[in-house]
Amino acid sequence: MAGAAAGTIAAAAPAALNSLAEILAELPPRLVDLARRGAVRWPNQIAMSEPSGASVTYGAFATAVEAASARLRALGIRAGDRVMIVNENCIAAGVVFFAASALDAWPTLVNARLSAREIDTIAGHAEPRRVFFTVGLSAEARTHAERFGATPCDLPGAASGALAVSSARDAKPELVTGDPVRDVTALIYTSGTTGMPKGVMLSHRACLYVASSPGAQRRPTPEDLVYCTLPIAHIFGLTSTWLRGLYGGAHVMLTPRFSAEHLADALERGITIFQGVPQMYAKLLEYARASGRKLKAPALRMATVGGAPIEPELKEAVEQALGMRLVNGWGMTEFASTVSRSLPQHVGRDISVGPVLPGIEVRIVDERGRDVPKGQAGEIWLRGPNCMLGYYKNEAATRDVLTPDGWYKTGDLGAVAADGALSIVDRIRDLIIVSGFNVYPAEVEAELTAHPAVTLAAIIGRRRAGNEEVIAFVQPALGARVSEAELAQFLKPRLAPYKQPARIVVLEQLPAAPTGKILKARLKAMAEAL
């Protein structure tokens, strides 16, 4: 990596941490080597388990991946093909993910709880050779599989009936170089500001760098029991939780759906690592209050929050309830998840997200891209080994956020403290984060204006109890009448549950400037007053 530019703040980290060169030298070359490495180091250790009781050892998992990759090859999957996996957390999804990567195909994990329109849009853009569905544990995956005409598919290591696969589709393979720094090992879709999905291309090195826990004071080990209820179809669950656990030889409990009661039970039974979004912690505390249950976590040694900003009151309450520091992290899909983690002294109401990981460079710049004085807020720019390769089939969007010399413009406003810790001040873009999932207003606005009775729509994010919720304002067509209930029913099949507005307010006319631009600041005030 080239040296930091003038004004660049070097990664602040304890002196005991490895250098970037040491971290990269430790990484397995390719993702599939992570499975092979586990089979050598911990062959009889449980790698993954499910609430059903199913489990697989590291040795058996590596064997299953090799056999499954041969089966995928027989199904016509080639290097450079996209392999879409419509899933909820389970061992079967893990087998397909690793098997596809072993063939140098591009595994594309997609949350089964997305709507039919969203699934079809992603499939239309990615053009997968085959689409797999985890029908064994997900009713939503079964529904999608039926629409695609998928048939049962028995893969080694996946329970009988756990998977279905579509017929082979026309697809042009992408170039594979053999270089793990330049080859794609995961194509993860995140909504774009225009409402169209963007496929984030992540390399082997990017995913393995985050999985290796660089800069972490306490990395997962074979003695750890990791509770993974974050969807592995999203980057936080994929690299920071699931792959991170496998990298350290831990036992990863793959839980398909979040339940506060199930989490409380797991804490009491002895999980050692839990990572979640603020809303999960809020629901855990809410469950404890409502049930009168005292939370017990006798073995928990690491609790991390990320995916969305956390309120100081919630962070403090969680730390008191669990009796330990809550690690606050910050990241994004474009950086394979983790960018920074809070330091041990960041307890209580301190919600800074800590220094960036070793090897990541950060700049704080003004609107002209000039470095601002230390301590002053500006847009956060990043550069590092976990940066994406770009957006799939979207060179214009890639150029908008990646500079020629490799800096990624995050669109987030932040500042760096004297100890090197980042504080996230605000978001430049209109991104709304609901339970850790990104919601872009333009996407919801587009669906609302598809209703014949709606002329204009504006989406606002409103903070509520450690989370955000979507508030919609609509202007009816001239002479038309439409109710909140009718619009809510209209949106239900068109958007994933987390994108659904908590309220839809019908106004005779949306407030607008003389230019016609909708005054969202005024709507935000109205949303807070609802």
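A: Happy to! One thing to keep in mind is that this is a predicted model.

Q: Good to know. How many helices and strands are there in the protein?
A: The protein has 15 helices and 25 strands. Its radius of gyration is 23 Å, close to the 24 Å that the globule rule gives for 530 residues, so the protein is as compact as a globular protein of that length.

Q: And what does the C-alpha trace span along its principal axes?
A: About 65 × 55 × 55 Å.

Q: What share of the residues count as buried?
A: Of the 530 residues, 58% are buried. The accessible surface comes to about 20800 Å², and carbon and sulfur atoms make up 53% of that.

Q: How about charges, how many positive and negative side chains are there?
A: There are 56 positive and 51 negative ones, and the centres of the two sets lie 1 Å apart.

Q: Let's go inside. Which residues of the largest nonpolar core touch the most other members?
A: That core has 88 residues, and the ones touching the most other members are Phe 98, Phe 132, Trp 242, Leu 243, Leu 246 and Leu 382. Helix H4, residues 91-102, gives the most to this core, with 10 residues.

Q: What is Phe 98 in contact with, leaving aside its neighbours within four places in sequence?
A: Its partners include Trp 242, Leu 243 and Leu 246. Among the others are Leu 31, Val 32, Phe 61 and Val 65. There is also a second, separate core of 42 residues, which includes Val 444, Leu 448, Leu 491 and Ala 496.

Q: Val 444 and Leu 448, where do those sit?
A: Both are among the buried residues of H13.

Q: Then what about His 451, where does it lie?
A: His 451 is in the loop between helix H13 (441-448) and strand E23 (454-464). The residue counts as buried because its relative accessibility is 8%, and the cut-off for buried is under 20%. Not counting residues up to four places away in sequence, His 451 touches Val 482, Glu 486, Leu 487 and Phe 490.

Q: Changing topic: what is the phi of Lys 393?
A: About 55°, a positive value although Lys 393 is not a glycine. Most residues other than glycine have a negative phi. Lys 393 is in the loop between strand E18 (390-391) and helix H12 (395-401), and at 43% relative accessibility it counts as partly exposed.

Q: And Ala 465, what is its phi near?
A: Near 45°, again positive in a residue other than glycine. Ala 465 is in the loop between E23 and strand E24 (467-476), and it is exposed, with a relative accessible area of 58%.

Q: Last one: is Ser 337 buried or exposed?
A: Buried, with a relative accessible area of 5%. Ser 337 is in strand E15, residues 337-341.

Q: How far apart are Ser 337 and Ala 211?
A: They are 126 residues apart in sequence and 9.6 Å apart in space, C-alpha to C-alpha. Leaving aside neighbours within four places in sequence, the contacts of Ser 337 include Val 210, Ile 235, Phe 236 and Trp 330.

Technical notes. Residues are numbered from 1 along each chain as its sequence is written. This is a predicted model: local features need pLDDT of at least 70, side-chain atom pairs count only at pLDDT 80 or more; totals for chains, interfaces and linings use all residues. Side-chain values use heavy atoms; hydrogens and water are left out. Helices (H or I, at least four residues) and strands (E, at least two) are DSSP runs, numbered from the N terminus. The radius of gyration is taken over C-alpha atoms; the globule rule is 2.2 Å times the number of residues to the power 0.38. Buried means under 20% relative accessible area, exposed over 50%, partly exposed in between (1.4 Å probe, protein chains only). Accessible areas come from the Shrake-Rupley method with a 1.4 Å probe; for residues, only the protein chains shown count as cover. Lys and Arg count as positive and Asp and Glu as negative; His and the chain ends are not counted. The place of a charge is taken as NZ of Lys, CZ of Arg, CG of Asp or CD of Glu. Contact means heavy atoms within 4.5 Å. A nonpolar core is a set of buried Ala, Val, Leu, Ile, Met, Phe, Trp, Tyr and Cys residues joined through side-chain atoms within 4.5 Å.
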